[in-house]
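Thanks, everyone, for making the time this morning. I would like to walk through one model with you, going from a single helix to the cores and then to the aromatic rings.

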Amino acid sequence: MDAGFPEEAVRVYKNSDAMDTSLADVIELQGSALSQAGLKALGEERLEMATRLRLQGGAKTTRDATQYYIRARYLARSGFEEQAQKLFQEAEALDPTFADAVEAQGELLDLMGEGVMAAEKYRTARRSRAAMRTGLPDRHFVHRQRGRFVAEIIAYDAVLRSLKKNALPYIARGNAYLATGRPAEALADYERALRLKPNAREIAVLKGEALFMLGRYADALSALDWALETRPDDGEALNCRAIVLIALGRLKEANGDWRRQLQLMPDGHAGARACVALRMADYAAALPQLELALAREPGDPYWQLYRLTAQRRLGIAAEVSGPTPAGCWPAPLLALHSGRMTEDQVLERVDSADQLAEALFQIGIVNFDRERSVSERYWRRVAKQSSPYLVEFAAAHNELSRAESATGP
C-alpha cells in the first residue's frame, strides 16, 4: 500500500477478516488519497461509489458487519459522515445485536444536530447490550464477556505501536480476540506476552484457553498443567483443564478438577457453583444454588430450565414459573418440560449446534422417568456431537458413566 494513504486506512485492512482487495477497496483508497490531496469533492465522489458497490454486493453475513463497522469508523473520522452512516446502518442490518454499530449511528446523529434520533439509537444500543446473555459464570472471565470488541482491538493496535515491549496490551488484545471467537489471533498475542513475561502463569492459562478453542487439547493441557503447578487454587484454570480433560475422555480427572473448583468458590457465587455442579450431574448440589441464582435473577430462563432439570432428576415435582419470553430460546425447552411442545417441535426450533445439544439433553431429562434407554440414546448424541465447553456435554458424559456403572458386571 502506498505511503501516501492514511494510516487509519492501513489499519482498516489489517483488522479486516477478509484480506482480499475488492474494487470497492481500491476506489475507497482512491477517495482517501484525493481527499488528503485537497480534492475533497472528488474524494467524496469516490467514497460514495465505494459505499454503493458494497451495499449492492451479493449475499452478506454477520462477518461482513464487522468489516462495514471498521470502514465506517475510518470514514467518520475522516469527515465523511454520510458514507459512514450508511455503512453503520448496513452493519446493524446484518447483525441487529451489533450494539457498537447502533451507538456509532447515534454519535453521528448527535454531530449532525439530530438529538432525538440519536437518543433513540443510544436507547437501542443499551437494550441490545442488556439483552445479550453473558458467558457461563463458572468459566474464565474472558468467556463471560460478550460482544465484538472491534473498537477495543483497533485501540490496542494503536497502543502496541508504541508499547511493543509491554506484555499488558498483548494480553488485553488477546482477550478481546478470544472473547470474539478468534483464538488463533489470541494465541499469537498470548505467546508474544509470554516471551516478554516467561514466568507469568496467568498468561499460560489464557494460552490454554486459546489452544482449547483451536482444538489443540494436548497442547492446552500442557499449558494448564504448567500454570497450575504454582497456582493450584486458580479456579478458572481448573475449570478450563477439566473441560480439556473431558474432551480427551478423562472424565474422572475432569470431575476432580471441578470438585476442587467448587470447593474454592465463595458461597455467594450461586450461578457459578450451580454450573460446576451441573457439569458433574450432581443435581443435589446444584439445586440449592439454582434456587439462589433464580431468586437473584428471576427473569433468567436458563436458571428456570436448569432448576427444572435438577428437580426432575431428583424426583421433585415442579412447574415452570416466572416470565418465559415467547419465541426466544430456551423458551421451547421450558415448553417441553411443561408439555406445551413436543420433542419434534422443539427440535424444529433449533438453529445452532449449541441449541441442539441443549435440546437433546433436555429431551433425555424429560424421558428419564419413562424410559431411561431413550434418555441414554439422546445423551450419547450430546456426548459425541457437542462442544466440550457446554454444561450439557459434561453432564451427558456423567449421566452415561453412571448408567454404565449401574448395568456393569
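Let me begin with a question: which elements do the buried residues of α12 pack against? Before I answer, please keep in mind that what you see is a predicted model, and that the values I quote are computed from it. The buried residues of α12 pack against α11, which covers 201-213, and against α13, which covers 235-247.

As for which residues these are, the buried set in α12 consists of Ala220, Leu221, Ala223, Leu224, Ala227 and Leu228. They cover an arc of only 165° around the axis, and therefore they sit on the same side of α12. On the face turned away from that buried side, α12 carries the exposed residues Ala218, Glu229 and Thr230.

The same check can be made on helix α6, residues 99-111, where 13 residues at 1.5 Å each should span 18 Å, and the distance of 19 Å between the end C-alpha atoms agrees. Among the buried residues of α6 are Ala99, Asp100, Val102, Gln105 and Leu109. Just after α6, glycine 113 adopts a positive phi of about 80°.

The largest nonpolar core contains 89 residues, and within it Trp258, Leu290 and Phe361 have the most contacts. Helix α13 supplies the largest share of this core, with eight residues. Apart from this core lies another one, of 15 residues, including Leu75, Ala84, Phe88 and Ala101. Going back to leucine 290, and leaving aside its neighbours within four places in sequence, we find leucine 290 in contact with Ala274, Leu278, Trp303, Tyr306, Arg307 and Ala310.

I will finish with the rings. How many aromatic pairs does a search of the whole structure find? The search finds four, and ring pairs join Phe361, Phe368 and Trp379 into a cluster. Phe361 is, as I said, one of the residues with the most contacts inside the largest core. Phenylalanine 368, for its part, has arginine 313 lying over its face, at 3.8 Å from the ring centre. Elsewhere in the list, arginine 201 lies over the face of tryptophan 226, at 3.9 Å from the ring centre.

Methods. Residues are numbered from 1 along each chain as its sequence is written. This is a predicted model: local features need pLDDT of at least 70, side-chain atom pairs count only at pLDDT 80 or more; totals for chains, interfaces and linings use all residues. Side-chain values use heavy atoms; hydrogens and water are left out. Buried means under 20% relative accessible area, exposed over 50%, partly exposed in between (1.4 Å probe, protein chains only). Helices (H or I, at least four residues) and strands (E, at least two) are DSSP runs, numbered from the N terminus. The arc is that of the directions from the helix axis to the C-beta atoms. Contact means heavy atoms within 4.5 Å. A nonpolar core is a set of buried Ala, Val, Leu, Ile, Met, Phe, Trp, Tyr and Cys residues joined through side-chain atoms within 4.5 Å. Rings of Phe, Tyr and Trp (its six-membered ring) pair if their centres lie within 6.5 Å; planes under 30 degrees apart count as stacked, over 60 as edge-to-face and the rest as tilted. A charge sits over a ring if NZ of Lys or CZ of Arg is within 6 Å of the ring centre and within 35 degrees of the ring normal. The expected span of a helix is 1.5 Å times one less than its number of residues.
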